[in-house]
Amino acid sequence: MPVTRLIALNGSAGAFTAIPAAIPARAVQIVEDDSVAGQGLEAQFPGDGYTTISTYAAGTPISIIGPGRDGLAGLPEQNAANGVGAFNHRAADVYCKLRSATATATTVRVVETESDEQ
C-alpha cells in the first residue's frame, strides 16, 4: 500500500529540505502538490554527494526507482535492540534534497510504494 506525505519546501534562497524514506520503498514519485501554484523544483541527489543542483519545471514529477537485485530505493529510520540493553540506530535513507526553484516556498507530494509499479 502506497504511503503519501506532503512536505513543505523553502524558496530558492533557503536551505534544501531532505526527503527521507518513510517505508521500505522500491519506487518513489515526488511532484509539487496541486494545492499550491507550481514553482518548479531544485533537487540534489545522494549519488554525487548532494553537490549538483538539477532543476525540474513545475508539474514535472521526480521518479526514483530502487537499483539492483533487491531494488530498494530507501529504508526508513530503524531502531533495534543490540542484545546488551542498548539500541542501534540507523537514520532513514534520504532520496533527495529539494527546494523551490523560485523565491516562493512550495509543497511537494511524496508517494512511496513497496513495488516498482506506479
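Predicted model: local features only at pLDDT ≥ 70, side-chain atom pairs only at ≥ 80, totals over all residues.
So, going from the N terminus, the elements of the protein chain run β-β-β-β-β-β-β-β-β-β. That comes to 10 strands and 0 helices.

Residues are numbered from 1 along each chain as its sequence is written, and side-chain values use heavy atoms, with hydrogens and water left out.

Okay, the whole chain. There are 118 residues, and 33% of them count as buried, where buried means under 20% relative accessible area, exposed over 50%, and partly exposed in between, using a 1.4 Å probe and protein chains only. Now take contacts, meaning heavy atoms within 4.5 Å. Among those between residues at least 6 apart in sequence, 74% join residues at least 24 apart.

In which order do its strands sit? It's β1-β10-β3-β6, an open sheet of 4 strands with antiparallel pairing. Two strands pair here if DSSP finds at least two bridges between them. On the edges we've got β1, residues 3-9, and β6, residues 62-65, each pairing on one side only. From one strand to the next, the twist averages 20°; that goes by axes, lines fitted to C-alpha atoms, with angles from 0 to 180 degrees between N-to-C directions.

Inside that sheet, β3 (residues 27-32) and β10 (residues 106-113) pair in the antiparallel sense over 6 bridges. If you want to find your way around there, Ile30 stands opposite Val110 in β10.

Is Glu32 buried or exposed? Glu32 counts as buried, because its relative accessibility is 7%.

And what is around it? Leaving aside neighbours within four places in sequence, Glu32 is in contact with residues including Leu41, Ala58, Val108 and Arg109. Gly59 is 27 residues away from Glu32 in sequence, yet their C-alphas are 6.2 Å apart in space.

Finally, the polar side of Glu32. Its side chain makes a polar contact of 2.7 Å with the side chain of Thr106; that term means a pair of N or O atoms within 3.5 Å, one able to donate a hydrogen and the other to accept it within protein, and residues adjacent in sequence count only if both atoms are side-chain atoms. A polar atom of the Glu32 side chain also lies 2.8 Å from the backbone nitrogen of Gly40.

Methods: Helix = DSSP H or I, 4+ residues; strand = E, 2+ residues; numbered from the N terminus.
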